[in-house]
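Open the model in your viewer and keep the sequence panel beside it. This tour goes stop by stop: select, look, move on.

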Amino acid sequence: QVQLVQSGGGLVQAGDSLRLSCVYSGRNFGSWPMGWFRQAPGKAREFVATIRPTGDMTYYAESVKGRFTISRDNAKNTVYLLMNSLKPEDTAIYYCARSPQYSASIPFYTRVGDYDYWGQGTQVTVSS
């Protein structure tokens with residue numbers, strides 16, 4: 001059974017930084033892509049960032065590119081999201097997730113349906 005437990009988040013001011021963590025419980029963490037998504041009130045869940053199993057490649061939504069960094073420590077079964085230069089429009093509940101699929105021909109997974117296990121969510125609120 002896979003469990004994802006998130007930590008981090010909170011209330012910050014515009015321009016501040018935050019780091020989210022997500023600890024994976026289960027087998028073979030290093031075999032699967034991991035992703036971060038977010039959901040603002042009244043909006044659909046949207047892709048933020050993803051990282052390949054070995055951590056060698058990452059991919060970001062245009063809205064966060066250059067400000068957010070996804071990383072993973074396979075020895076600690078943990079994936080991180082470092083968020084710099086936060087903006088009020090980054091306010092949302094953030095979720096980590098695992099993708100159960102990996103293909104050399106598909107470098108990145110960005111759809112909600114590509115992921116099967118999800119963290120509990122953590123609120124990030126950015127004030128202006």
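**Stop 1: D116**

Select D116. Setting aside neighbours within four places in sequence, D116 contacts R98, S99 and P100; contact means heavy atoms within 4.5 Å. D116 sits in the loop between β9 and β10. Strands here are DSSP runs (E, at least two residues) and helices are runs of H or I with at least four, numbered from the N terminus. D116 is partly exposed, with a relative accessible area of 34%. The scale is this: buried is under 20% relative accessible area, exposed is over 50%, and partly exposed lies in between (1.4 Å probe, protein chains only). The C-alpha atoms of D116 and N77 are 17 Å apart, and 39 residues separate them along the chain.

A word on the model: it is predicted, so local features need pLDDT of at least 70, side-chain atom pairs count only at pLDDT 80 or more, and totals for chains, interfaces and linings use all residues. Residues are numbered from 1 along each chain as its sequence is written, and side-chain values use heavy atoms, with hydrogens and water left out.

**Stop 2: the whole fold**

Zoom out and colour by secondary structure. How many helices and strands are there in the protein? Zero helices and 11 strands. The C-alpha atoms fill a box of roughly 40 × 25 × 25 Å along the principal axes. Buried residues make up 42% of the 128 residues. Among contacts with a separation of 6 or more, 59% join residues 24 or more positions apart.

**Stop 3: the nonpolar core**

Select W36, V79, L81, M83 and Y94. These have the most contacts inside the largest nonpolar core, which has 33 residues. β3 (18–25), β4 (34–39), β5 (46–51), β7 (68–73), β8 (78–83), β9 (92–98) and β11 (122–127) each supply at least two residues of this core. A nonpolar core is a set of buried Ala, Val, Leu, Ile, Met, Phe, Trp, Tyr and Cys residues joined through side-chain atoms within 4.5 Å. In soluble globular proteins, nonpolar side chains tend to be buried together.

Centre on V79. Not counting residues up to four places away in sequence, V79 touches L20, S21, C22, F29, M34, W36, I51, I70, S71, R72 and C96.

**Stop 4: the aromatic pairs**

Show all Phe, Tyr and Trp rings. The whole structure holds eight aromatic pairs. Rings (the six-membered one for Trp) pair if their centres lie within 6.5 Å; planes under 30 degrees apart count as stacked, over 60 as edge-to-face, and the rest as tilted.

Pick F37 and Y115. The pair is edge-to-face, at 5.1 Å centre to centre with 75° between the planes. F37 is in strand β4 and Y115 in the loop between β9 and β10 (117–118), 78 residues apart. F37 is buried at 0% relative accessible area. Y115 also counts as buried, at 5%.

Next, F47 and Y59. Their ring centres are 6.0 Å apart and their planes are at 25°, so the pair is stacked. F47 lies in strand β5 and Y59 in strand β6 (residues 58–60), so parts 12 residues apart in sequence are tied together. Buried or partly exposed: which is Y59? Y59 is partly exposed, with a relative accessible area of 38%, whereas F47 is buried at 13%.

Finish by selecting F37, F47, Y59, Y95, F108, Y115 and W118, which form one aromatic cluster.

**Stop 5: charges over rings**

Then select R98 and W32. The charged end of R98 sits over the ring of W32, 5.0 Å from its centre. A charge sits over a ring if NZ of Lys or CZ of Arg is within 6 Å of the ring centre and within 35 degrees of the ring normal.
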